[in-house]
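Subject: Structure handover

Hi,

Here is the structure I promised to pass on. My notes follow below it.

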Protein chains: 2
Amino acid sequence: MHDHAPDTRPATLHARIRAEVEARILSGELKPGDRLPTETEMMARYSCSRMTVNKAMASLAATGLIIRNRRAGTSVARPKMHAGVLTIPDIRANIEARGARYGYQAVLDELRPPCCVHLGSEGHHLGQSRFVRSIHHADDSPVLIEDRHIFLDAVPGAAEADFRTEPPGPWLLGHVPWTEAEHRIAAIAADPLTARCLEISIGMPCLLVERRTWRGDETLTIAKQVFRGDSFDLTARFGPSS
Amino acid sequence: MHDHAPDTRPATLHARIRAEVEARILSGELKPGDRLPTETEMMARYSCSRMTVNKAMASLAATGLIIRNRRAGTSVARPKMHAGVLTIPDIRANIEARGARYGYQAVLDELRPPCCVHLGSEGHHLGQSRFVRSIHHADDSPVLIEDRHIFLDAVPGAAEADFRTEPPGPWLLGHVPWTEAEHRIAAIAADPLTARCLEISIGMPCLLVERRTWRGDETLTIAKQVFRGDSFDLTARFGPSS
DNA sequence: CGATCAATAATGTATAGATAAAAAAGCTGG
DNA sequence: CCAGCTTTTTTATCTATACATTATTGATCG
């Protein structure tokens with residue numbers, strides 16, 4: 001047997017307190033709205049100082065599992081649902097996870113002059129960019145075509161990077177800190193160019209992911225990824241953060 | 001003028017410390033890998049106790065912005081990329097945000113006997129479920145067809161709920177606490193049934209979202225949503241949590 | 001009866017100190 | 001020069017205490 005359930009793991013006290021309360025909530029023993037013991041009570045219950053209890057409970061409050069109010073006490077939060085931690089594995093990991101060999105090929109790499117885009121009411125100015133079009137393969141069959149703009153004002157190092165063998169995505173993630181990102185996900189029909197690159201027929205469904213990344217107000221990069229619909233999907237798993 | 005930049009907001013000391021360090025990282029002044037001052041140094045810098053500094057830094061470490069090691073000190077984390085806080089607005093809000101009128105119609109509502117599914121190597125038993133097929137409209141044109149299973153063992157209240165006018169999604173989110181969810185997103189071609197329901201031609205690209213929600217080990221609900229590819233897309237915005 | 005004001009109970013913040021643990025840095029003996 | 005030990009730096013945890021903040025409770029007064 002694997003012993004994959006080490007039972008009560010947490011080494012430190014506040015982690016143990018936290019884990020026990022968390023377990024009681026997630027098991028359904030404590031329902032949303034239920035009142036939890038006061039810090040003073042738990043302090044006696046675990047025979048430790050109030051600060052230790054506080055650390056545990058503050059951490060639970062930070063993740064949104066419980067609601068705390070002065071004088072009114074602590075209660076189980078009602079599920080907020082619409083926010084959780086999301087993980088999207090990158091393309092390479094995704095392909096290799098299926099046991100396929102990953103391949104990358106840049107088909108275009110050029111400089112683009114500054115331009116303006118209009119988002120809603122405000123026009124936004126974008127500086128000079130490096131444009132890279134690349135194709136990603138799984139076992140020699142093309143799976144993804146990616147058009148990426150990297151804005152050189154915001155990412156100066158990008159001018160010298162070599163994207164002939166390394167995809168720009170991982171490079172950016174390793175070199176550039178970002179503060180915000182937006183994804184747009186849609187299903188589209190393959191246009192002639194896409195169809196030729198992905199070796200499918202025109203009109204076949206493809207998954208489009210448009211990703212835009214900022215640091216502060218500055219746009220760092222815009223990526224448009226078109227996946228073959230029949231051989232690729234995104235999965236996102238999320239739960240109450242940490 | 002609106003005074004929309006209150007400068008240094010945080011009321012409490014540890015929040016201020018936290019915010020300042022966070023700002024220096026997000027502005028790019030501190031790059032991934034850079035070393036941060038030790039707690040003792042910051043304690044002098046802000047003339048406060050070490051516990052206060054610790055609280056600020058521990059909180060930053062919890063969100064993954066910095067990495068802390070005994071003896072080795074604290075450094076800026078290199079961006080983990082694929083993890084952030086994600087928000088998916090529900091269908092109704094999404095449709096109404098475009099200025100369209102939202103419509104909901106249940107076309108099927110029945111009980112399904114217990115069944116087994118096979119995920120990977122392990123078979124998983126699923127109890128009796130209520131199955132609801134519904135169509136969601138934007139301004140009288142169908143946009144989404146949703147097949148939803150709700151497992152009555154895990155969600156007892158679901159047997160009595162009235163899904164003729166209220167979609168099961170929002171109902172579940174308001175009544176049932178969950179611990180984990182998984183989404184699979186793919187682009188598919190419309191099959192005949194789907195095409196008829198969504199009033200499009202067979203083979204047109206559609207966005208498929210399969211959502212599965214658990215509490216602990218128990219599956220609460222499985223939803224399969226098929227969106228018209230030409231009139232709907234998902235957007236997810238995320239940044240370094242909190 | 002109802003509004004106002006004071007007491008109270010709960011969490012939030014902060015301090016000062018003690019001890020533990022981990023990992024780097026330095027030092028030894030071969 | 002390298003292996004193995006010791007020292008030291010730095011974060012991690014915990015205690016005990018103090019005061020601040022805030023929403024409720026209850027009492028007082030009109």
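In which loop of chain B does B:R71 lie? B:R71 sits in the loop between strand 2 and strand 3 of chain B. Helices (H or I, at least four residues) and strands (E, at least two) are DSSP runs, numbered from the N terminus.

Some ground rules before the rest. This is a predicted model: local features need pLDDT of at least 70, side-chain atom pairs count only at pLDDT 80 or more, and totals for chains, interfaces and linings use all residues. Residues are numbered from 1 along each chain as its sequence is written, while chains are lettered from A and ligands numbered from 1 in the order in which they are written.

Most residues other than glycine have a negative phi. B:R71 has a positive phi, near 70°, and is not a glycine. B:R71 counts as exposed, because it has 4 C-beta neighbours inside 10 Å. The scale is this: a residue is buried if 20 or more other C-beta atoms lie within 10 Å of its own, exposed if 12 or fewer, and partly exposed in between, with C-beta atoms placed from the backbone.

A:S47 also is not a glycine, and its phi is positive at about 40°. A:S47 belongs to the loop between helix 2 and helix 3 of chain A. A:S47 is exposed too, with 7 other C-beta atoms within 10 Å.

**The sheet in chain B**

Three strands of chain B form an open sheet in the order 1-3-2, with antiparallel pairing. Strand 1 (35-36) and strand 2 (66-69) are the edges; each has a single partner strand, so one side of each is left without a neighbour in the sheet. Strand 1 and strand 3 of chain B pair over two bridges, in the antiparallel sense. Pairing requires that DSSP finds at least two bridges between the strands. B:L36 stands opposite B:T74 in strand 3 of chain B.

Helix 3 of chain B packs on this sheet and touches strand 2 and strand 3. Its direction makes about 115° with that of strand 2. Contact means C-beta atoms, placed from the backbone, within 7 Å. Axes are lines fitted to C-alpha atoms, for helices over the stretch in contact, and angles run from 0 to 180 degrees between N-to-C directions.

B:N69 lies in strand 2 of chain B. B:N69 is exposed, with 8 other C-beta atoms within 10 Å.

**The DNA surfaces**

Near means a C-beta atom, placed from the backbone, within 6 Å of the molecule or strand.

- DNA strand D: 24 residues surround it, and the closest are A:L13, A:C48, A:R71, B:T38 and B:R71. Helix 3 of chain B gives the most to this surface, with four residues.
- DNA strand C: 23 residues surround it, and the closest are A:E39, B:L13, B:C48, B:T52 and B:R71. Helix 3 of chain A supplies the largest share of this surface, four residues.

**Chain A overall**

Chain A has six helices and 12 strands. Of its 242 residues, 28% are buried. Its domain assignment gives domain 1 (13-76) and domain 2 (91-231); such bounds come from an automatic or database domain assignment. The C-alpha centres of the two domains lie 44 Å apart.

Best wishes

Conventions
Two residues are in contact if their C-beta atoms, placed from the backbone, lie within 7 Å.
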